[in-house]
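Please examine the sequence and the structure below.

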Amino acid sequence: MKNTIAARIADFLKNFPPFDLLQQEQLFTLASEVKVVYIEKGRSIFKAGEEQHQYFYVVNKGAVSVLKPENEILETVDKCDEGDIFGLRPLFAKENYLLQTLADEESILYGIPIDIFKPIAENHPRVREFLLQSFASNTRNPYASGDKGKLLTSTSPVVAAQNLFELQPAPITRKVITISPATTVQKAAQKMKSRMVGSLVVVEDNIPVGIVTDENFRDLVANGIALEAVPVSEIMSSPVICYSKGITISQAQLTMMKHGIDHICITEDGTPNSQVIGILSAHNIMLSEGNNPSILMKAIQRSNSTNELKKIRNKITLLLRGYLESNIPLNLISKIIFELNDASIKRIIDRCIKKMPAPPPAEFAWLSLGSQGRKEQLLQTDQDNAIIFDDVAPEHHVATKAYFLELAKKVNKRLSIIGYEYCPVNTMAKNEQWCKSLSEWKEQVALWITNAGNDELLLSSIFFDFDISYGNVKLSNVLSDHIFELTRNNRRFTSALAAVTLRNPPPLGFFRQFVVEHDGENKDTFDIKKRAITPLTDAGRLLILSHEVKNLSNTSERFDKLAQLEPSNRELYLACSFASKALLKFRTKQGIKERNNGRFIKLEELSKEEKMKLKRCFRSLKEVQDLVKIRFEIPGYHV
């Protein structure tokens with residue numbers, strides 16, 4: 001008779017990692033031994049110092065807090081809900097629990113027996129890796145310090161930026177041309193010529209046994225040997241050096257030097273005993289060195305046409321893709337891509353000034369706004385920028401402004417050509433509303449701040465996120481000081497800004513489902529910018545403004561600074577810093593995959609694990625919005 005309880009448990013577990021990696025038979029066997037545990041609200045599952053249980057736990061229904069005793073105070077390090085795992089210590093360490101747990105609400109848990117699950121994990125690398133990282137990162141979440149939450153970001157150590165190129169995935173050729181060992185050299189040469197390749201992989205039953213190259217053929221010709229009579233088995237390089245598809249450029253270069261070879265065979269499991277899936281050549285590595293950030297920077301600075309810059313921009317995208325595939329920490333990725341973007345803007349402005357009939361008639365500053373101003377523009381989204389020019393005599397003002405509008409028109413056009421689309425609401429320096437003298441800008445921001453309607457709040461908040469890309473930094477500093485003078489102790493403005501910060505609540509519905517777009521061309525997709533990234537960005541901006549911290553526009557860096565300024569909220573702010581990076585990385589990966597700006601996500605194409613990772617980021621958003629509501633006393637917002 002079929003075990004219906006085990007079947008129901010298996011049906012539940014298969015929707016969540018790492019159980020979704022198990023075969024059906026393994027999953028059902030495990031489910032047959034699962035212990036169903038009912039816990040009342042406020043009760044502990046285990047406490048710090050308690051002897052290990054024979055199970056680790058999965059939340060079936062309800063919610064559980066994981067707590068850490070710290071100076072006789074319990075600090076929350078994670079909150080687990082449906083599908084989340086906790087209590088992994090018995091699986092990896094033979095010592096008592098260090099954390100303790102508390103049911104936030106009436107909950108049903110599945111106790112996974114250690115003695116049955118451990119052999120499964122030991123024989124399944126992906127399952128083992130998931131659980132090891134979960135255990136090492138204090139149940140996945142980024143609260144507190146150190147390397148928590150690695151499942152959402154990078155599992156790689158922090159490395160020097162100049163070494164990141166070597167850590168990129170090596171450029172593998174997927175279309176492998178294969179031949180059998182009995183193929184004659186003549187036929188092999190003809191095949192290489194017709195397919196326009198420099199090497200062939202020799203296989204038996206799809207298993208690689210050798211590699212032949214055009215160099216091998218030249219040696220035969222030089223020695224006067226008849227090509228039609230010699231099988232490739234007599235000249236091929238063997239045994240084959242194999243790697244899996246995750247090989248980095250650095251590993252490939254070292255392997256080639258060590259073995260004195262120019263080709264590496266890529267197989268399914270990285271050994272010569274599995275099917276060939278690609279080939280890697282020294283020539284391809286040499287070509288890929290054009291994606292080295294230092295080489296790209298020099299190419300930008302030496303570029304003499306917009307088309308050259310456009311080609312370089314494409315290489316920057318390839319560089320970004322390589323970093324993401326290698327799990328390079330996002331803070332390093334952001335800094336490198338920002339510098340390359342910024343250098344591109346500077347080069348365009350330099351060249352456009354030379355095309356103007358005369359030098360600039362006054363000192364000026366080109367401001368990058370929005371995501372580029374926050375050093376968060378990894379994908380090529382639309383451009384947001386402005387010009388501040390120094391005050392001139394009244395009789396010269398019109399001509400001076402006309403000069404900078406013409407300059408901005410040239411710059412905006414070339415930025416569009418290299419991939420930065422025009423701003424849909426015309427927030428660009430070529431718009432006279434975004435090209436003003438210092439005095440005009442002071443008057444403008446004063447008007448926005450003193451008349452704080454929704455439009456004015458949006459426009460004024462833009463100037464809290466700018467970065468100077470070109471020109472005289474004194475102009476932007478003077479304007480920044482002026483803005484802080486206007487907002488200092490301005491409770492009306494900060495309260496209005498706080499209300500805007502709360503307009504997009506955490507993007508999960510009543511049943512913990514994603515809130516999606518209900519109509520329009522993006523119907524049924526999840527808007528990660530509007531519903532997750534922007535609310536977190538708004539909260540970081542508001543809170544750092546309340547501390548009057550200037551010249552800090554990056555969202556994660558703002559939350560890191562807030563963690564220093566407010567020790568009592570340190571855990572929350574570090575979690576928000578982590579979430580901002582995780583969301584940006586997620587959007588960037590989606591954008592590269594879909595070849596767009598990554599904003600609208602098709603939920604049906606996400607795995608269960610990806611959805612869970614996103615939902616965990618939303619916890620930090622909810623908590624920081626609760627803090628904003630209380631601190632700034634915002635009515636009409638329900639937590």
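## Helices α10 and α12

Pro 293, Leu 296, Met 297, Ile 300, Gln 301 and Arg 302 of α10 are in contact with Ile 336, Glu 339, Leu 340, Ala 343, Ser 344 and Arg 347 of α12, where contact means heavy atoms within 4.5 Å. By class, the residues of this contact are 7 nonpolar, 2 polar and 3 charged. Here Ala, Val, Leu, Ile, Met, Phe, Trp, Tyr, Cys and Pro count as nonpolar, Asp, Glu, Lys and Arg as charged, and the others, Gly among them, as polar.

Helix α10 covers residues 293-302 and helix α12 residues 330-355; their axes come within 9 Å and cross at roughly 10 degrees. The two helices are therefore roughly parallel to each other. Angles under 35 degrees count as roughly parallel, over 145 as roughly antiparallel, 65 to 115 as roughly perpendicular and the rest as oblique. Axes are lines fitted to C-alpha atoms, for helices over the stretch in contact, and angles run from 0 to 180 degrees between N-to-C directions. Helices (H or I, at least four residues) and strands (E, at least two) are DSSP runs, numbered from the N terminus.

## Basis of the report

This is a predicted model, in which local features need pLDDT of at least 70 and side-chain atom pairs count only at pLDDT 80 or more, while totals for chains, interfaces and linings use all residues. Residues are numbered from 1 along each chain as its sequence is written, and side-chain values use heavy atoms, with hydrogens and water left out.

## Helix α21 and its partners

The axes of helix α20 (residues 555-565) and α21 come within 8 Å and cross at roughly 170 degrees. That makes α20 roughly antiparallel to α21. On the α20 side the contact includes Phe 559 and Leu 562, and on the α21 side it includes Tyr 573 and Cys 576. The residues of this contact divide into 6 nonpolar, 4 polar and 3 charged.

Helix α21 (residues 570-594) also packs with helix α22 (residues 608-631), at an angle of about 135 degrees and with the axes 9 Å apart. Helix α21 is therefore oblique to α22. Among the residues that meet are Leu 572, Tyr 573 and Phe 586 in α21 and Leu 614, Phe 618 and Leu 627 in α22. The contact of α21 with α22 comprises 13 nonpolar, 2 polar and 3 charged residues.

## Lining of the largest cavity

Residues lining the largest cavity include Ile 345, Ser 368, Gln 372, Asp 382, Asn 385 and Tyr 420. A cavity is a set of points, on a 1 Å grid over the protein atoms alone, where a 1.4 Å probe fits but cannot get out, and lining residues have an atom within 4 Å of a point. The lining divides into 4 nonpolar, 6 polar and 2 charged residues.

## Backbone features

Most residues other than glycine have a negative phi, and most peptide bonds are trans. A cis peptide bond joins Pro 17 and Pro 18, with omega about 0 degrees; Pro 18 lies in the loop between α1 (4-13) and α2 (24-32). The bond from Ser 238 to Pro 239 is also cis, with omega near 0 degrees, and Pro 239 is in the loop between α7 (214-222) and β11 (242-243).

Asn 489, a residue other than glycine, has a positive phi, near 60 degrees. Asn 489 is placed in the loop between α17 (473-487) and α18 (491-501).

Technical notes:
On a 1 Å grid over the protein atoms alone, a cavity is a set of points where a 1.4 Å probe fits but cannot get out, and a pocket is an open set with protein on both sides within 12 Å along at least five of seven lines; lining residues have an atom within 4 Å of a point.
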